[in-house]
Amino acid sequence: MPDPEDTHDCETCGATVAVADARRSEPLGDLDPGTWQTLNCPRCGDRLATVFVGDE
């Protein structure tokens, strides 16, 4: 089971999604897509979180 810190709960469909399973997309606004990414629910497509990936 994934670490709870590595999961996000989708408020739209109720799925618990591991960061590794989330779909990634470019963030909205003026955020640098090389530093930030938006995690989306693979089940319904809703946004889960915007995360820092600059040091990955």
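Trainee: Why does Ala22 count as buried?
Mentor: This is a predicted model, and the values are computed from it. Ala22 has a relative accessibility of 10%. Buried means under 20%. Therefore Ala22 counts as buried.

Trainee: Where does Ala22 lie?
Mentor: Ala22 is in the loop between strand S2 (16-18) and strand S3 (23-25).

Trainee: Which residues does Ala22 touch, leaving out those up to four places away in sequence?
Mentor: Ala22 touches Val17, Leu39, Asn40, Pro42 and Leu48. A contact needs heavy atoms within 4.5 Å.

Trainee: How many residues separate Ala22 and Arg47 along the chain, and what is the distance between their C-alpha atoms?
Mentor: They are 25 residues apart along the chain. Their C-alpha atoms are separated by 9.6 Å.

Trainee: Let us step back. How many helices and strands does the chain have?
Mentor: The chain has zero helices and five strands. From the N terminus on, the order is β-β-β-β-β.

Trainee: What makes the radius of gyration agree with a compact globule?
Mentor: Set the value against the rule. For 56 residues, a compact globule would have a radius of gyration near 10 Å. The chain has 11 Å, so the value agrees. As for its extent, the C-alpha atoms fill a box of roughly 30 × 20 × 15 Å along the principal axes.

Trainee: What part of the chain is buried?
Mentor: Of the 56 residues, 27% count as buried. The chain exposes about 4000 Å². Carbon and sulfur atoms supply 45% of that area.

Trainee: What share of the contacts join residues at least 24 apart?
Mentor: Take the contacts between residues at least 6 apart in sequence. Of these, 24% join residues at least 24 apart.

Trainee: How many positive and negative charges are there, and how far apart are their mean positions?
Mentor: The chain has 4 positive and 12 negative charges. Their mean positions are 9 Å apart.

Trainee: Now the cysteines. How many disulfides does the structure hold?
Mentor: The structure holds zero disulfides.

Trainee: How do you know that Cys10 is in no disulfide?
Mentor: The nearest cysteine sulfur to that of Cys10 belongs to Cys44, 3.5 Å away. A disulfide needs sulfur atoms within 2.5 Å. So Cys10 is in no disulfide under that cut-off.

Trainee: What about Cys41 and its nearest cysteine sulfur?
Mentor: That sulfur belongs to Cys13, 3.7 Å away. The cut-off is 2.5 Å, so Cys41 is in no disulfide either.

Trainee: Are Cys10 and Cys41 buried or exposed?
Mentor: Cys10 has 4% relative accessibility, so Cys10 counts as buried. Cys41 has a relative accessible area of 0%, so Cys41 is buried too.

Trainee: Why does Thr38 count as buried?
Mentor: Thr38 has 6% relative accessibility. The cut-off is under 20%, so Thr38 counts as buried.

Trainee: Where is Thr38, and which residues is Thr38 in contact with beyond four places in sequence?
Mentor: Thr38 is in strand S4 (residues 36-40). Its contacts include Arg23, Arg24, Ser25, Leu28 and Thr50.

Trainee: Why does Asp55 count as exposed?
Mentor: Exposed means over 50%. Asp55 has 65% relative accessibility, so Asp55 counts as exposed. Asp55 is found in the segment after strand S5 (47-52). Asp55 and Asp32 are 13 Å apart in space, C-alpha to C-alpha.

Trainee: What makes Asp6 partly exposed?
Mentor: Asp6 has 41% relative accessibility. Asp6 is in the segment before strand S1 (7-9). Beyond four places in sequence, Asp6 is in contact with Val17, Ala18 and Val19.

Trainee: How do you know that Leu31 counts as partly exposed?
Mentor: By its relative accessibility of 37%. Leu31 is found in the loop between S3 and S4. Not counting residues up to four places away, Leu31 touches Trp36 and Thr50.

Technical notes:
Residues numbered from 1 in each chain as written. Predicted model: local features only at pLDDT ≥ 70, side-chain atom pairs only at ≥ 80, totals over all residues. Heavy atoms only, no water. Helix = DSSP H or I, 4+ residues; strand = E, 2+ residues; numbered from the N terminus. Rg over C-alpha atoms; globule rule 2.2 N^0.38 Å. Buried < 20%, exposed > 50% of the residue type's maximum accessible area, 1.4 Å probe, protein only. Areas by Shrake-Rupley, 256 points an atom, 1.4 Å probe, with all protein chains shown as cover. Lys, Arg positive; Asp, Glu negative; His and termini not counted. Charge placed at Lys NZ, Arg CZ, Asp CG, Glu CD.
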